[in-house]
Amino acid sequence: MLEMLSNILQLIFSESFILTVVTASTPLLLASSGELVVERSGVLNLGLEGMMIVGAACGFGGAYLSGSIAVGALCGIVAGAATSMIFGILTLGLAVNQVATGLALTIFGIGLSGLIGAKFVGEKIVPAAHLHLPVLTDIPGVGGILFGEDAFVYISVALIIGIWLFLYRTRAGLVLRAVGDNHTSAHALGYPVLRIRMLAVMFGGACAGLAGAYLPLAYTPFFIPGMTSGRGWIALALVVFASWRPVRLVIGAYLFGAVSILGLALQPLHLGIPQQVMNMLPYLATVVVLVLISRTRGTAGSAAPASLGVVFVPDR
Amino acid sequence: MQLVLERRAERSTVVAVASPLIAIALTLVTVAVLFAIIGKNPLVALYVYFVEPLTDSFTLQEIAVKATPLVMIAVGLSLCYIANIWNIGAEGQFVAGAVCGSWLAVRTNGTDVGHWVLVVMLILGATGGALYGLIPALCRVYFGASEILTSLMLVYIANLGLDYMVRGPWRDPHGLNFPTTAEFDPAASIGTLLEGTGRLHAGSIIALVVVMLVTVLLGRTIMGFEIRLVGAAPKAARFSGFNADQLVLFTFAVSGALAGLAGIIEVAGPIGHLDPGVASGYGFTAIIVAFLGRLNPVGILFAGLFLALTFIGGEGAQISLKVPLDLTKVFQGILLFYVLACDSLIVYRIRLLRTVRKAAPAHA
């Protein structure tokens with residue numbers, strides 16, 4: 001028993017495990033960062049999974065056809081933003097229920113990605129290269145973790161820092177939060193509520209597209225239909241977990257990344273737990289965390305933006 | 001000039017009736033354009049998709065077989081959605097029902113125990129689905145956790161549980177190592193209704209009964225009134241003392257039970273055994289069916305038949321037109337977009353707003 005525990009601990013604190021955690025967390029961080037901005041503007045886009053999977057298919061297609069990871073990532077970003085525009089036009093332009101439209105976007109996205117990706121199933125690409133700095137990367141223990149990641153990891157960290165600066169240190173960020181907390185007042189003050197929300201939705205779509213593209217470009221170097229396997233939904237839960245705050249989002253993303261690969265990492269230890277049960281961990285953890293978070297917060301004192309998910313039709 | 005939305009003085013009844021039809025028409029046009037783009041004759045493609053399945057007894061029966069789970073699940077979901085409760089985990093409740101019901105079929109396999117087995121299986125399936133549906137409902141009522149996310153997470157958990165059962169304890173010892181249970185005994189199976197090659201089974205009749213029961217529930221009972229009131233005017237419902245928590249538990253239990261029943265019917269009927277692929281997205285497609293049917297049981301019946309038609313048509317098109325099967329899912333997604341957009345026009349109208357130009361010199 002003790003020996004097994006020490007084996008598990010040894011594994012968890014090994015450099016290779018932490019490296020995999022970072023890779024597993026990055027798509028979650030990218031997708032939830034975008035969604036955080038969307039929800040801060042008062043829009044609930046449940047179509048994250050759909051935008052991610054379209055981003056994955058287009059990202060892989062772009063990279064496969066051009067031979068460049070950067071082009072692939074760009075294709076993912078554009079595809080994510082384009083699909084999010086469908087959501088934006090419906091919910092903002094036509095005042096359609098955001099929950100239903102988000103679900104529609106996911107169903108549509110899963111179909112579309114299958115259609116786009118069908119040509120690429122079974123193909124392989126060279127995955128995104130990892131950074132290598134002469135001395136720094138070779139520092140034992142931490143070098144590889146800090147200075148040996150792929151470009152997406154650094155982008156995701158830069159992105160969330162940028163979002164923090166934007167939300168709390170710029171006027172535009174203040175306006176965006178105002179729109180999310182009280183769209184009627186923001187409208188009365190003369191801010192273009194719907195335009196701001198549309199831009200936020202497209203930003204969220206771009207982030208989701210990039211997050212999806214990360215999977216076939218860096219995580220596994222091939223495309224399989226449905227390869228996002230619920231990561232979009234977990235990213236949505238992460239935003240709730242983080243109480244709509246960027247710093248907590250980073251912590252949450254890495255915690256969930258760790259949980260999601262724990263099952264795979266513990267496989268060689270032969271703990272006698274069925275693989276399927278281990279694979280349930282990220283989903284079980286999401287349910288448990290949602291319950292705990294919602295419970296401590298109570299229903300009244302929610303940290304959610306006050307206008308989240310509420311339809312807004314400007315009067316003139 | 002600018003397009004703006006304007007709230008109608010009252011709901012437009014004309015648009016309310018026409019909206020699903022307009023949505024279907026718009027989808028057909030979009031589909032035709034898409035086919036033209038990928039270089040297929042749009043008229044031929046539409047014929048293969050939407051008319052050809054109606055010309056043959058076998059495919060007609062297949063449509064009913066496909067529509068059966070879709071209608072049963074969607075009718076349950078509509079109860080939730082009317083009351084603004086978001087159960088999107090019907091796929092998981094379907095699997096839970098299939099697994100619970102199959103337990104008895106697996107246990108009694110090869111013994112000669114009589115037809116009560118099937119009845120108990122159906123009850124177990126509905127119970128399993130209801131209990132599984134109650135998990136997100138309880139999480140919401142007691143802890144305030146978003147039922148959207150928890151019900152969806154439970155889909156993945158249910159699928160992994162199913163996978164474990166059919167690869168582990170329930171695997172058919174004579175199944176050549178395939179992840180599947182043994183074929184169910186005739187006593188544990190739902191037989192076909194018609195002589196010949198079709199697969200139409202008694203489950204379709206159960207689906208029709210469900211449609212009738214839910215119509216009565218919604219239109220003729222206090223519970224149905226409560227569901228509609230909470231959806232239309234949540235504040236008024238609260239003031240009049242309706243218990244919102246009870247409603248969450250009730251709608252989740254009913255929709256879970258119906259999804260679970262659909263699950264065990266699918267397994268005991270057309271499939272005949274339990275394998276990891278039994279759900280195949282019915283729980284998600286049923287969301288489209290619920291909205292296309294305008295959250296009305298009879299509407300859902302027609303919507304389910306229409307969606308089933310696109311599935312069967314899509315399979316036909318895959319063979320005769322060599323188009324990928326995923327095209328059907330794209331069509332269904334587009335259809336849902338149009339349905340939601342048209343529904344918005346029941347409450348709002350679009351107005352063209354002429355912005356008055358500042359008095360700028362005409363020749364500038």
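**Legends to close-up views of the predicted model**

**View 1. The contact between chain A and chain B in the predicted model.** In this interface, 40 residues of chain A are in contact with 39 residues of chain B. Four helices of chain A, namely H4 (69-93), H5 (98-117), H11 (231-241) and H13 (275-297), each supply at least two residues of the side that touches chain B. The most is given by H5(A), with 12 residues. Sorted by class, this side of chain A comprises 28 nonpolar, 11 polar and 1 charged residues.

**View 2. Arg295(A) in helix H13 of chain A.** The residue lies in helix H13 of chain A, a helix that spans residues 275-297 and supplies at least two residues of the side of chain A that touches chain B. Leaving aside residues up to four places away in sequence, Arg295(A) touches Phe143(B) and Gly144(B). How many C-beta neighbours does Arg295(A) have inside 10 Å? There are 14, and Arg295(A) therefore counts as partly exposed. The cut-offs place a residue in this class when its count lies between the exposed limit of 12 or fewer and the buried limit of 20 or more.

**View 3. The packing of helix H5 against helix H10 in chain B.** Helix H5 of chain B covers residues 116-143 and helix H10 of chain B covers residues 244-271. The two helices pack at an angle of about 145°, and their axes are 6 Å apart. The crossing in which H5(B) passes H10(B) is right-handed. The residues that form the contact of H5(B) with H10(B) divide into 19 nonpolar, 8 polar and 2 charged.

**View 4. The helical fold of chain A.** Chain A contains 13 helices and 0 strands. From the N terminus on, its elements accordingly run α-α-α-α-α-α-α-α-α-α-α-α-α. The radius of gyration of chain A is 20 Å, close to the 20 Å that the globule rule gives for 316 residues, so chain A is as compact as a globular protein of that length. The C-alpha trace of chain A spans about 70 × 50 × 40 Å along its principal axes.

**View 5. Burial and contacts within chain A.** Of the 316 residues of chain A, 51% count as buried. What share of the contacts in chain A between residues at least 6 apart in sequence join residues at least 24 apart? The share of such contacts is 78%.

How values were computed: Residues are numbered from 1 along each chain as its sequence is written. Chains are lettered from A and ligands numbered from 1 in the order in which they are written. This is a predicted model: local features need pLDDT of at least 70, side-chain atom pairs count only at pLDDT 80 or more; totals for chains, interfaces and linings use all residues. Two residues are in contact if their C-beta atoms, placed from the backbone, lie within 7 Å. Ala, Val, Leu, Ile, Met, Phe, Trp, Tyr, Cys and Pro count as nonpolar, Asp, Glu, Lys and Arg as charged, and the others, Gly among them, as polar. Axes are lines fitted to C-alpha atoms, for helices over the stretch in contact, and angles run from 0 to 180 degrees between N-to-C directions. A crossing is left-handed if the near helix is turned anticlockwise from the far one by less than a right angle, and right-handed if clockwise. The radius of gyration is taken over C-alpha atoms; the globule rule is 2.2 Å times the number of residues to the power 0.38.
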